[in-house]
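The sequence and the coordinates come first.

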Amino acid sequence: MTDLNKHIEHTLLKQDAKKEDFEKLFDEAKKYNFLGVCINPAYVKFAKEALEGSEVKVVTVIGFPLGANKTEVKAFETSCAVADGADEVDMVLNVTALKDKDYEYVREDIKAVKIAAKNSPLKVILETDLLTKDEIKKACELCVEAKADFVKTSTGFVKNGVGAKVEDVKLMYETVSPYGLKVKASGGIRDKEAALKMLEAGAERLGTSSGVKIVEG
């Protein structure tokens, strides 16, 4: 697959990242023509300015990494990110509400962020390491109902978590693809072989901090 780079969101979400780390991320994204970079909301403006004139999208995260912020806070955070220039937003689903079967809350939480995102595509992070297969499927169905654009596997922040798994990506793809939603695999994708397996399973996007290693094979 020659266009592997165009599936990759080059990611830096570390709490202790420094300005020079972001500058390196942006330079690599331009050099390898990655589809996008994924960074925390405080750095969206910085990313937008650094990537001006390139085709690299600026993707940010909402309610990250726990997804337990109030809906109003997630919506406000999204509005701020879009105003700063975010091209796409990845929100974390409220896992507690899903496990408690408070499906209306989950659905409305996603809807509020979708409205705040305006024309920016919305990806919903399910945190698959914490969910059963039935919960993954239900979460996907709620994302369809809330008119999200993507479902995403993981934040990469679950202690001892695996991150993206091929069987989960397949399940997500089978559940949402008939409705036009796509899948982003994220978490633990560290080499070309793993990346290709995720794409073969149905992923359209790959969130990874190992983008350079993956495209260099």
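## Backbone exceptions

Lys118 is exposed, because its relative accessibility is 63% and exposed means over 50% relative accessible area, buried under 20% and partly exposed in between (1.4 Å probe, protein chains only). The model is predicted, so local features need pLDDT of at least 70 and side-chain atom pairs count only at pLDDT 80 or more, while totals for chains, interfaces and linings use all residues. Residues are numbered from 1 along each chain as its sequence is written, and side-chain values use heavy atoms, with hydrogens and water left out.

Lys118 lies in the loop between helix 5 (103-117) and strand 5 (122-125); helices (H or I, at least four residues) and strands (E, at least two) are DSSP runs, numbered from the N terminus. Although Lys118 is not a glycine, its phi is positive, about 55 degrees. Asn160, also not a glycine, has a positive phi near 65 degrees. Asn160 belongs to the loop between strand 6 (150-152) and helix 7 (166-176) and is exposed, with a relative accessible area of 76%. A cis peptide bond, with omega about 0 degrees, joins Phe64 and Pro65. Pro65 is in the loop between strand 3 (57-62) and helix 3 (71-84). Most residues other than glycine have a negative phi, and most peptide bonds are trans.

## Barrel

Eight strands form a closed barrel in the order 1-2-3-4-5-6-7-8, with parallel pairing; two strands pair if DSSP finds at least two bridges between them. From one strand to the next the twist averages 25 degrees, where axes are lines fitted to C-alpha atoms, for helices over the stretch in contact, and angles run from 0 to 180 degrees between N-to-C directions. Strand 1 (residues 8-12) and strand 2 (residues 36-39) run parallel and are joined by four bridges. His10 is opposite Val37 in strand 2.

## Nonpolar cores

A nonpolar core is a set of buried Ala, Val, Leu, Ile, Met, Phe, Trp, Tyr and Cys residues joined through side-chain atoms within 4.5 Å. The largest has 60 residues, and Leu93, Ile110, Val124, Leu126 and Leu206 have the most contacts inside it. Helix 6 (residues 133-145) supplies the largest share of this core, six residues. Apart from it lies another core of seven residues, including Leu13, Val59, Val92 and Ile125.

Leaving aside residues up to four places away in sequence, the contacts of Leu126 include Leu93, Val95, Ile136, Cys140, Val151 and Met172. Contact means heavy atoms within 4.5 Å.

## Aromatic rings and charges

There are six aromatic pairs in the structure. Rings of Phe, Tyr and Trp (its six-membered ring) pair if their centres lie within 6.5 Å; planes under 30 degrees apart count as stacked, over 60 as edge-to-face and the rest as tilted. Phe26 and Phe46 are edge-to-face, because their ring centres are 5.4 Å apart and their planes are at 80 degrees. This pair links distant parts of the chain, 20 residues apart: Phe26 in helix 1 (residues 19-31) and Phe46 in helix 2 (residues 44-50). Phe26 is buried at 1% relative accessible area, whereas Phe46 is partly exposed at 23%. Ring pairs link Phe22, Phe26, Tyr43 and Phe46 into a cluster.

Tyr32 and Phe34 are a stacked pair, with 5.8 Å between centres and 25 degrees between planes, and both are buried. The charged end of Lys123 sits over the ring of Phe150, 5.6 Å from its centre. Lys138 has its charged end over the ring of Tyr103, 4.6 Å from the ring centre. A charge sits over a ring if NZ of Lys or CZ of Arg is within 6 Å of the ring centre and within 35 degrees of the ring normal.
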